Amino acid sequence: MRNLLRSKYTWASLGLVLSGLTLYLALREVSPWEVSRQVRQADTVWVVLAVLNVLVNTLFKGIRWYRLTGEVGRKAGVKRVMAVNVAGQLLNLIYPARAGDVSRVLIIGQGGAEKAFTLGTVVLEKLADLVAFILLAAVLSVQLPLPTWLTRPVTVIAGVTLAGIAFVGWWASNKARGERLGSWLASRKVGWLPEQSWQSLIELVQMSLTAIELVRRRKLVFELAMWTSLVWLSAWLSNVLIWNALGMQDALPGKMLPATLLLLIGLMAGVAVPSVPGRIGVFEYICILALAVFGIGQAQALTYGIILHAVVLLPALVIGAAALLWLSWKPSKQRTVSE
């Protein structure tokens, strides 16, 4: 059973079943001709603006992570950090278990200590996104009650976020905690692990937690908050642009803000759900569930989901593939010198 749960084929099969089920639910009782007609009627100008906005969103994410990586990022170079970040987003779309985030740590860090520190910056980045998610969910809950299918994910994420904030605050409030943790771990003996390996593991844990201490630097915290706000603002703007592309602002006046915000929160909550590469089916079905709250029909909601998914997915595939090719042709300077 343990081997079965760890198998990549098991999770791939579960993802395939889930995507197939959600795709069926999204397509049932919907005329493909009607959806095709609505897709063709979408305003191309707004769609192009949405694609450009996705590229801007990718740029904001890259800059945010580059600023977090500090000296490690400067050693690697801003171009390499940006390329690794884009490639990581592509791998997250293709593989489960956030493989893209793992790849970022492995590529940017040139040694055990750097890899551990880089891992800490990724954790800090994710925590900032979770905080933004909860704040937006709180804003939305003031405007309308959260749907039942979204209440539990938001509650779980809120609990994880509060726990993360509490730990970061506790850890960063006292500089001596790192030394005490190292001394405590060093006093522990692990029979099956060689002493040298145990000491190396302790150093890696301490280095990873060192990244969390970045929150003591107010300027960096301000930058993290600013870039995270821009990341989420641009992500929400993509929803608004597709809303305008389909002319929904005229047919459904006054519903754009809560509807697009609910879409953003619902889609972000659904990102963690295992599915086939690209989250085909899951993405569209979440759009249908979210827009149904505002009385939007299944055909129009499916059209919205298809266009938004294409706008978000295709640029990520193109620039992610280009970044992977560039990284394969441009080995890091540190490795070149050592070789």
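Tutor: Let us begin with a single side chain in this predicted model. A residue counts as buried when its relative accessible area is under 20%. Glutamate 114 has a relative accessibility of 16%, and therefore counts as buried.

Student: In which helix does glutamate 114 lie, and which residues does glutamate 114 touch, not counting those up to four places away in sequence?

Tutor: Glutamate 114 belongs to helix α7, which spans residues 112-143. With residues up to four places away in sequence set aside, glutamate 114 touches Val72, Lys75, Ile108 and Gly109. The side chains of glutamate 114 and lysine 75 are joined by a polar contact of 2.4 Å.

Student: At what angle do helices α3 and α15 pack?

Tutor: Helix α3 (residues 32-40) and helix α15 (residues 298-329) pack at about 55 degrees, and their axes are 9 Å apart. The two helices are therefore oblique to each other. Their crossing is right-handed. From α3, the contact is made by Glu34, Val35, Gln38 and Val39; from α15, by Ala299, Gln300, Leu302, Thr303, Ile306 and Ile307. By class, this contact has six nonpolar, three polar and one charged residues.

Student: Why do residues three or four places apart in an α-helix point the same way?

Tutor: An α-helix has 3.6 residues a turn, so residues at that spacing point the same way.

Technical notes: Residues numbered from 1 in each chain as written. Predicted model: local features only at pLDDT ≥ 70, side-chain atom pairs only at ≥ 80, totals over all residues. Heavy atoms only, no water. Axes fitted to C-alpha atoms, helices over the stretch in contact; angles between N-to-C directions. Helix = DSSP H or I, 4+ residues; strand = E, 2+ residues; numbered from the N terminus. Parallel < 35°, antiparallel > 145°, perpendicular 65-115°, else oblique. Left-handed = near helix turned anticlockwise from the far one by under 90°. Contact = heavy atoms within 4.5 Å. Nonpolar A, V, L, I, M, F, W, Y, C, P; charged D, E, K, R; others polar. Buried < 20%, exposed > 50% of the residue type's maximum accessible area, 1.4 Å probe, protein only. Polar contact = N/O pair within 3.5 Å; in protein donor to acceptor, adjacent residues only side chain to side chain.
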